[in-house]
Amino acid sequence: MKVNIIINQQLPLTYIDVEVLDLLLKRRKEKLEIQYVNYLQYKCKNASMNIFVHCVNYSFMNNAKMNVLLMDHQLLNKNWLEYLPAFDYVLVKSEYTKAVIESACMEHKLSTKNIKLINWDSPNIASYSKNKNNKKCLLYCTHNKSYIYKRVVNLWEKNYPQLVVLNVDNNMFFDNKKNKKFQENIDYCEEVKSVDYHKIFNECGIHLCLDEIVSYSHFINQAKQVSAIPVAVNGGSNKEFINRDIGYVIGGSKQKNTTNTYGSKFNFNEEDLKRVIN
């Protein structure tokens with residue numbers, strides 16, 4: 001059976017979900033021939049199934065007998081909405097995302113019968129390290145989350161625990177020294193290799209998962225996998241993955257999403273974060 005996995009190579013989140021998808025497909029007894037395709041290409045080989053991961057290219061849909069879309073609401077471009085009924089299945093990973101996309105479809109009088117909630121997972125990067133440090137806080141930072149980094153670093157006092165800022169995609173933002181707050185209890189980890197990333201991820205006892213808008217938080221899941229304590233905003237899909245029994249739930253303000261995608265933003269409350277950390 002031939003399967004095309006069609007991806008947006010510019011989205012870091014895509015690679016995490018593709019890794020999970022790859023593991024799920026390998027569990028099938030049927031032998032699969034998998035082809036990875038950039039959704040911006042002009043050509044796509046014929047296959048039994050197309051699986052689109054966080055992207056839509058309608059011109060590829062005739063190349064397969066079945067078309068499946070795996071989509072997070074914050075990555076669903078509003079220009080793609082009209083194509084959703086053409087898919088055999090639109091797979092979502094949280095109740096919140098399902099509600100958001102269904103609401104958008106119904107508003108435009110589009111069918112929602114093919115939107116299905118599925119069980120999903122995150123790559124398990126837990127190690128059996130005994131060096132867990134509950135006084136170390138991990139802040140996972142990518143190029144499109146620099147505004148979260150600024151807010152956290154600006155409020156970080158000298159008497160707070162050690163903050164480890166993990167720059168996972170070597171973005172140019174950190175090349176400017178003006179964007180760094182040089183303080184003894186703030187460490188910047190740049191150009192991190194996979195082995196070092198896993199080590200840091202496992203060693204830090206507190207993980208700051210402060211995304212404004214997210215459908216399925218791999219960072220919350222992976223924090224739980226490594227027995228760390230996640231800190232997240234009580235809003236959106238986060239309510240499905242974290243509660244006060246397993247982490248710190250902090251307040252946040254709900255804001256309208258001004259991008260060309262769906263779902264509200266939930267900005268973390270700085271005073272709540274201070275109370276948790278201090």
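User: Which are the buried residues of α1?

Analyst: Bearing in mind that this is a predicted model, the buried residues of α1 are T14, I16, D17, V18, V20, L21, D22 and L25. The helix itself runs over residues 12–26, and its 15 residues reach 22 Å from the first C-alpha to the last, close to the 21 Å expected.

User: And what covers the buried residues of α1?

Analyst: The cover includes the strands β1 (2–7), β2 (33–38), β3 (47–53) and β4 (64–70), together with the helix α5 (218–225).

User: Switching to α6, where do its buried residues fall, seen down the axis?

Analyst: The buried residues of α6, which spans residues 270–277, are D272, L273 and I277. Seen down the axis of α6 they fall within an arc of 130°, so they line one face of the helix. Among the elements that cover them are β7 (133–141), α3 (146–155) and β10 (204–209).

User: What caps the N-terminal end of α6?

Analyst: That is N269, which has a side-chain oxygen 3.0 Å from the backbone nitrogen of E271.

User: New topic: how many disulfides does the count come to?

Analyst: The count comes to 0 disulfides, taking a disulfide as a pair of cysteine sulfur atoms within 2.5 Å.

User: What about C137, buried or exposed?

Analyst: C137 is buried, with a relative accessible area of 0%, and its sulfur lies 7.9 Å from the closest cysteine sulfur, in C204, too far for a bond.

Methods:
Residues numbered from 1 in each chain as written. Predicted model: local features only at pLDDT ≥ 70, side-chain atom pairs only at ≥ 80, totals over all residues. Heavy atoms only, no water. Helix = DSSP H or I, 4+ residues; strand = E, 2+ residues; numbered from the N terminus. Expected span 1.5 Å × (residues − 1). Buried < 20%, exposed > 50% of the residue type's maximum accessible area, 1.4 Å probe, protein only. Contact = heavy atoms within 4.5 Å. Arc of directions from axis to C-beta. Polar contact = N/O pair within 3.5 Å; in protein donor to acceptor, adjacent residues only side chain to side chain.
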